[in-house]
Each structure stands twice: as C-alpha cells, then as structure tokens.
Amino acid sequence: MKVCVVGTGYVGLTTGVSLAYLGHQVTCIDLDESKIEQLRGGRPPIYEPHLDELMAEAAHNLTFTTSYEEGVPGAEVVFVAVQTPSLANGSPDLRFLRSAAESIGRTVGDGFTVVVNKSTVPIGSGNWVDAILRDAYEQHHARRAAGEFAVASNPEFLREGSALHDTLYPDRIVIGSDNPRSLEVLARLYRTVLNQSFTPPSFLPRPDQTDAVPLVSTDLASAELIKYAANAFLALKISYINEIGRLAGKVGADIVQVARGTGLDARIGSRFLQAGLGWGGSCFAKDTAALIATAAEYHHDMPIVRAARDVNQRQRTLVVDRLMEELRILKGRRIGLLGLAFKPNTDDLRDSPAVDVARLLLARGARIRLHDPVAAERFRREHPDLAEHLCHSLDEVFDNSDAVVLCTEWAQYLELDWSKFVGLMNNPVLLDGRLALDPGRLSRLGYRYLSLTGDSGAA
C-alpha cells in the first residue's frame, strides 16, 4: 500500500520505518529541512535501538520529503504523527495538528484516503480534524468533498527504547472510525502484523509464542479514549507503588519484595510496579493532564488521575529531601546525577525527573555534575543553561563529590565497577533513585546506600 506519515518524531519515524520494512511504500513528511536531509542520509535524528538498522533494510521503500504534494496524493493511508504539547491548562496544543490537517486537505488525491490520527489527541479530535480537512479540501478544489477521505484513530502504545519491538510485536492494534471502509483499509494495512506473517529482522527476533495480534476495531471516540485510559492506568500503577514505597519505608518493609509479591497476582501483573523516581517522558504527563482537562469540559472530575500526578511530582522533590536528611546542608555540596534521559535506551529528555532534580538542587545551592551515556548532546541543545554542568567522564562525576544519585538505570551504570569510584568521593553517599542496584554489595564496598524508601534498599 502507499502510505504517508506526517511528522518524523518518535512515533512518526518508528511507524514509517516499520511499515516500510513490512513492504509498504512510505513517504515521511517533515517541515524541518535539516531533519529530512539527515534522514535521507540514513541517520535518524533520535536515538532508538535498531532504528538505523531497520531504516537501512527498508530504504528501498522509504522516501523523506518536506512536501505534502509529494507525499499525500495517491496515498491510501495518511498518518498524522505531529507533536501535541501541553498548554498551561493541561489541554494539548493542537496547532500542529490543525496545520497538518489543512495541508492534507489541500493535497489529498481523488482516490479514497484514510487520514489517521496517530498523535495522541483529545476525545472528539477526529471530528474536528474531519471538519478541517473538508474546509481545506473545498477551498482548494472549489467543490464539496464527496467520499474522497475519512478520518480514523490508530493510537500508539510504544515504549521509547523498545518502540520497534512494540510496533512489530504489539499487545494489540486499536483502530477506530465511524466509516466502515476506513476500518477495512487499516485492517489490510496491518494484516502481516496481525497474523505475524512477515519475516522478522535478525536484530529484532519475534518473541516466543507470538502467533497473532488482537485487533480492536471500534468507533472513533472509543479508540481515542482507549489511548488515554491505558496511559493513565500505567501512570496510576507507577504512582501507586511509589505510595506503597513511602509506607514501606515507615514500617520497615522491603518495597522490592512487596512489589514482587503484588505483581505475581495475575490480575495485577509485575510491569510498571518498580518504585523509584517515577515516570517521565512525553506521554504520561501530557496524557493525564489532557484527560483531566477533557473531563473538566464535561464537568467531571478525575481525582484518582490527579493524585497520580501529584505523587509522581513528589518523588522528584523527595530526592532533594533524602539528600538533605543525609547531608544536612546542600549549599556548596557537590552532587552527581547519573542519567538525564527519562528512561534508558532513549535520548528523550521530555519531563525527565533528572532535569527537575538538577534544577531543584541548584535552587538549594548545590553544585551539580551531570552525566548520560547517550542523551548528553541533546541535553546540551535543549537545556543550554545547564550544559556547563555536563561531565564527559564518570570520574568527573564522582571526583570529590558528596553524593551521587542514580536517576536513569542505563546498563552502563548498572554494570559499573563501583569499587573504583568510592575512593574518589568526598562523602560516599549513593542514592539509588531507581532501586536498580545491589544495596548489600555497595554497602560492603563502602558506600552509604540510600533509596527513596529507606537507607538500605530494603525500606
């Protein structure tokens, strides 16, 4: 099938490259000329494991352009995967979505085209996009639209760091439209994923016992709400285990074992039950805020979702509180932060807990040292005011420091020879913000091990 993808961020680029690998003819549009030139050279502008390899294998099916005229006409499916950042009131900023819809409406061809909202958008946005498409089409063609296109929703459930795996081997595919023909087109687009009939890439093997993927085919509004409901639930799960972690610290329980014993219940599951610094990234904060804002439009409150957001934000200030309890005074102290990306295996810094912690420490007068094995250059561009605190080596982070905080559980940090750094520190305090290290081993090496739930790792 001929496919167009508008937007080459995490979602758009992953979607486009994966569909091209599956055999579809894909044109990716982005108005950023430098990004398009980089993509034409086979270099992804984002860090995602195996993305460059999959791009190389799918190159014969991939085109990158800044022109809607080149990508939209003749496409059977046009994905809109533009950014929808939060406004001050929590509602998504839809100006990029509006601009994309207007451009698609002006350039859509005469054949039937399914325009798919891949960006996470508020419930009801499909109807809004349909109206924009029709207005743009009629103004450009000087005639009414008559079945040339229909709008659908196909929410993504990708985890940054394993986005390609989640695209090729998803838990489910959700498609929503009020037009039955659109649902048929999308089911055909995803047929090889649904029945897992494609040959897997050698570097992304098919998981055992993956033989079919469930398809949820529903109406437009339900598909839009499924995305918000799923992300909000995962956010709730993380905040819940962090609430339990605070209690575990007070009663002397081991939150790691509590989470394990809870997660083994098949009704609950173990994923997203790791206590620590909490969630970050582009999705959970934005989507929970949008869900609350949408509910408010209907005079409906969502106190559970609000509480999840409050708990998550509190985890960041808790890092500073724990350091103050241990060091008493933060002014003038040297504090190292290991990891800046919001999670490992990505360079995404959006809503990263580490960035908030860095700013909170600076506000308390601490001197900070920052390190990340992948996201450092992106951090330099996006947070130039903090760039002077970046360190090129781990020796710089530990040298004469009063405390070091693990903010992102990169494999590089988990596999460190910690014995070589303890002697460099002025005060060997190690705060494990992700409960990812072995507290007993680190204590034997001479570290004063702290966690957000207790001093010894077991709360």
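This is a predicted model: local features need pLDDT of at least 70, side-chain atom pairs count only at pLDDT 80 or more; totals for chains, interfaces and linings use all residues.
User: Is strand β5 mostly covered or mostly open, and how many of its residues are buried?

Analyst: Strand β5 spans residues 113-117. In a regular strand the side chains alternate between the two faces of the sheet. On one side of β5 lie T113, V115 and N117, and on the other lie V114 and V116, with both faces covered. The strand is thus mostly covered, and the number of buried residues is five of five.

User: Which residue of β5 is the bridge partner of V80?

Analyst: Strand β4, residues 77-80, pairs with β5 in the parallel sense over four bridges. These two strands also belong to a right-handed β-α-β unit, together with helix α5 (residues 95-107). Within β5, the bridge partner of V80 is N117.

User: Which strands are at the edges of the open sheet of five strands?

Analyst: The pairing in this open sheet is parallel, and the strand order is β10-β9-β11-β12-β13. From one strand to the next, the twist averages 20 degrees. An edge strand here pairs on one side only, which applies to β10 (367-371) and β13 (448-451).

User: Which residue in β12 does L406 stand opposite?

Analyst: Strand β11 comprises residues 403-406, and strand β12 comprises residues 429-432. The two pair in the parallel sense over three bridges. The residue in β12 opposite L406 is D432.

User: What angle does the direction of helix α13 make with that of β12?

Analyst: Helix α13, residues 303-327, packs on the sheet. Its contacts there are with β9 (334-338), β11, β12 and β13. Between the directions of α13 and β12 the angle is about 155 degrees.

User: At what angle to β9 does helix α14 run?

Analyst: Helix α14 is formed by residues 353-363. This helix lies across β9 and β10. Relative to β9, α14 runs at about 175 degrees.

User: Is S282 buried or exposed?

Analyst: S282 is located in the loop between α11 (255-263) and α12 (284-297). Leaving aside residues up to four places away in sequence, S282 touches E160, D348 and R350. Its relative accessible area is 16%, and a residue counts as buried under 20%. Therefore S282 is buried.

Key: Residues are numbered from 1 along each chain as its sequence is written. Side-chain values use heavy atoms; hydrogens and water are left out. Buried means under 20% relative accessible area, exposed over 50%, partly exposed in between (1.4 Å probe, protein chains only). Two strands pair if DSSP finds at least two bridges between them. A crossover is right-handed if, with the strands pointing away from the viewer, the path from the first strand over the helix to the second runs clockwise. Axes are lines fitted to C-alpha atoms, for helices over the stretch in contact, and angles run from 0 to 180 degrees between N-to-C directions. Contact means heavy atoms within 4.5 Å.
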